[in-house]
Amino acid sequence: MKLRYSLIFSVTMLLFLIISCSHPKKEFATMLIYGGTIYTVDSTQNTVEAVATKNNNIIFAGRLSEAEQFKNDDTKLINLEGKTMTPGLIEGHGHFMGLGYNELNLDLMGTKSYQDIIDAVAERVKTTKPGEWIIGRGWHQSKWDSMPAGTVKGFQTHHRLSDVSPDNPVYLTHASGHAGFANAKAMEIAGLQALATEGIKKFDTKGGEVVLDEFGRPTGIFNERSQTLIYNFIPDKTIETDVQAFNLAVKACHKNGITSFHDAGIPRKTIALYERMKLAGNMNIRLYVMLTGWDKELLNEWYAKGPFVDPEHLLTIRSVKLNCDGALGSRGAWLLEPYTDRPDHFGHETLPMDFVKQTASDGLENGFQVCAHAIGDRANKEILDRYQLAFSKKPEKATDHRYRIEHAQHLHPDDIPRFSELGVIPAMQAIHMSSDRPWAIDRLGEKRIKEGAYMWQALLQSGIPIVNGTDVPVEPLNPIASFYASVSRKTLKGLPEGGYEPEQKMTREQALKSYTLDAAYGAFEEHIKGSISTGKLADFTIYSQDILTVKEENLLNTQIVMTIFDGKVVYTLNE
């Protein structure tokens, strides 16, 4: 009898299991998005009618009729009403705290003359106590409508600035971040007013330049690493202002449809801030962090403990940023041949190439990606050489290194195919072409511009992806402007007709991919983000019009109407 009951029980349980397996528990979506054009950046299905998410993951992307099976009374419905959605945009190279502090400090991005700078500082003096520093960023002499009289080496001098701010030290960083402009009070505090009599050697900084006038006096311009002569006297930022800047940066990202951000070089203090913000639940952006290469002690500490790949995908630290030359605007980019508009000058090697060589090797050994800033053709060549040497010595560790060159703005033609051959990813900010190309030809001349500057299509055709971005706060964070530059090769005023070197334009599909899936690839994150695919993170950007089909002349009118981050709506236009 017991055997019979045992057999009946076993059969009953087997039937129960079969029925349970054939009728799995229904999975419901927390959000269902439909009613517009949805570009997936997924090669298996380029567009879908609807996307269903559960919490912070995509659980379905396909036909609306099939997506509706995931809907219940608690599902949040978002009707795009004809608008366009893509994967959440990824800022592939920027400076996150610089973005935040640009909101707090004097923003000179829109200045069009030296007089504009003077007026902005004079206005800030009215609300600043005597002795307090006035800090700003964003001026660019090559973008001014006209140059003032009495320039030295293509830069303005401090005298008029000093006249309007006699009691406040002023330091205004160039838009590129590779030069700065100080007034007399700032130079007095730094002990530099006696420069002419004590001699330049006392204040010389390798990899930089203090620009002097004909009498050997400082003009106020500090190029590349010589900026430390002023930086060292600027009061440290406070925890309160750091938190304020962080929150402003997050808000700016959401407003611009940015859900992930590659932070290009941060120090120990900023890492600690990010860890605090994450612990407090305020990390409402996905940060991919590059350790600053200036701090060898910091690098060695991280080499010892290894990369941190965040299981929550909010704060990942697995790369190193090396600053190897300057910028074209300040004539700091390191060139193989001299500047066309300054024939005695080749730019600056701002980091010893021996250190690049060592870091390339250390990165492979310890599992860290190396991302080296290089704008000039000499810097790009030298870095590729060091990378190649490291790969050849440690081939077993170089199978998926994804080393990057940040900017890769000006290349020797012989080095263009080397990116693909070596698997080195160029992280290029298309908006730099739009902003710089009108005057960059003065720096490089026509031949070098046409053969090696902003070579997007040549690099893509060689088989290597491009990571796009803005280099904010060097340029505004606006991804629409960078997308427009990518596909038009024009300035934001729509010039010239047909674009500069039009054969190097990206297609719109390539440009979108450079801001999504290819940018995710550049951070080893293509398996979790960058396309709208089942299982990936629920990060989306929604636009007022279709960026893949709208007429080029109307592209810059596109607005970000909604940003969805981690499965939640974090920004809505006009709310």
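The points below describe a predicted model of a protein chain, going from the whole chain to single residues.

1. Overall build. The protein chain contains 19 helices and 21 strands. Its radius of gyration is 26 Å, close to the 25 Å that the globule rule gives for 575 residues, so the chain is as compact as a globular protein of that length. Taken along the principal axes, the C-alpha atoms fill a box of roughly 110 × 55 × 50 Å.

2. Among the contacts with a separation of 6 or more, 72% are made by residues 24 or more positions apart. As for charge, there are 62 positive and 71 negative side chains, and the centres of these two sets lie 3 Å apart.

3. The six-strand sheet. An open sheet with mixed pairing is made of six strands in the order β7-β8-β9-β10-β12-β11. Strands β7 and β11 stand at its edges, and because each has a single partner strand, one side of each is left without a neighbour in the sheet.

4. Strand β8 itself (residues 134-139) has five of its six residues buried, so it is largely enclosed by the rest of the structure.

5. A covered parallel pair. Strand β13 (residues 258-266) and β14 run parallel and are joined by five bridges; within this pairing, Asp 263 has Val 289 in β14 as its bridge partner. Strand β14 (residues 286-292) is mostly covered, since seven of its seven residues are buried.

6. Thr 516 and Gly 530. Which residues does Thr 516 touch, not counting those up to four places away in sequence? They are Val 41, Pro 87, Gly 88, Leu 89, Ile 90 and Gly 530. Thr 516 lies in the loop between α18 (508-514) and α19 (517-521), and its relative accessible area of 0% makes it buried. Gly 530, which lies in the loop between α19 and β19 (540-543), is likewise counted as buried, at 5% relative accessibility. Leaving aside its neighbours within four places in sequence, Gly 530 is in contact with Val 41, Pro 87, Thr 516, Leu 517 and Ala 520. The C-alpha atoms of Gly 530 and Ala 398, by contrast, are 24 Å apart in space, and the two residues are 132 residues apart in sequence.

7. Phe 346. Is Phe 346 buried or partly exposed? With a relative accessibility of 39%, Phe 346 counts as partly exposed, and it is found in the loop between β15 (315-323) and α12 (353-366). Not counting residues up to four places away in sequence, Phe 346 touches Ala 333, Trp 334, Leu 335, Leu 336, Glu 337, Pro 338 and Tyr 339. For one of these, Leu 336, which is 10 residues away along the chain, the C-alpha separation from Phe 346 is 7.1 Å.

8. Backbone details to check. Most residues other than glycine have a negative phi, and most peptide bonds are trans. In this model, a cis peptide bond with omega of about 5 degrees joins Val 472 and Pro 473, and Pro 473 is placed in the loop between α16 (456-461) and α17 (479-488). The peptide bond from Leu 495 to Pro 496 is also cis, with omega near -5 degrees, and Pro 496 is found in the loop between α17 and α18. Asn 55, in the loop between β2 (47-54) and β3 (57-62), has a positive phi near 55 degrees. Phe 524 has a positive phi near 60 degrees; it belongs to the loop between α19 and β19 and counts as buried at 13% relative accessibility.

Definitions and conventions. Residues numbered from 1 in each chain as written. Predicted model: local features only at pLDDT ≥ 70, side-chain atom pairs only at ≥ 80, totals over all residues. Heavy atoms only, no water. Helix = DSSP H or I, 4+ residues; strand = E, 2+ residues; numbered from the N terminus. Rg over C-alpha atoms; globule rule 2.2 N^0.38 Å. Contact = heavy atoms within 4.5 Å. Lys, Arg positive; Asp, Glu negative; His and termini not counted. Charge placed at Lys NZ, Arg CZ, Asp CG, Glu CD. Buried < 20%, exposed > 50% of the residue type's maximum accessible area, 1.4 Å probe, protein only. Pairing = 2+ DSSP bridges.
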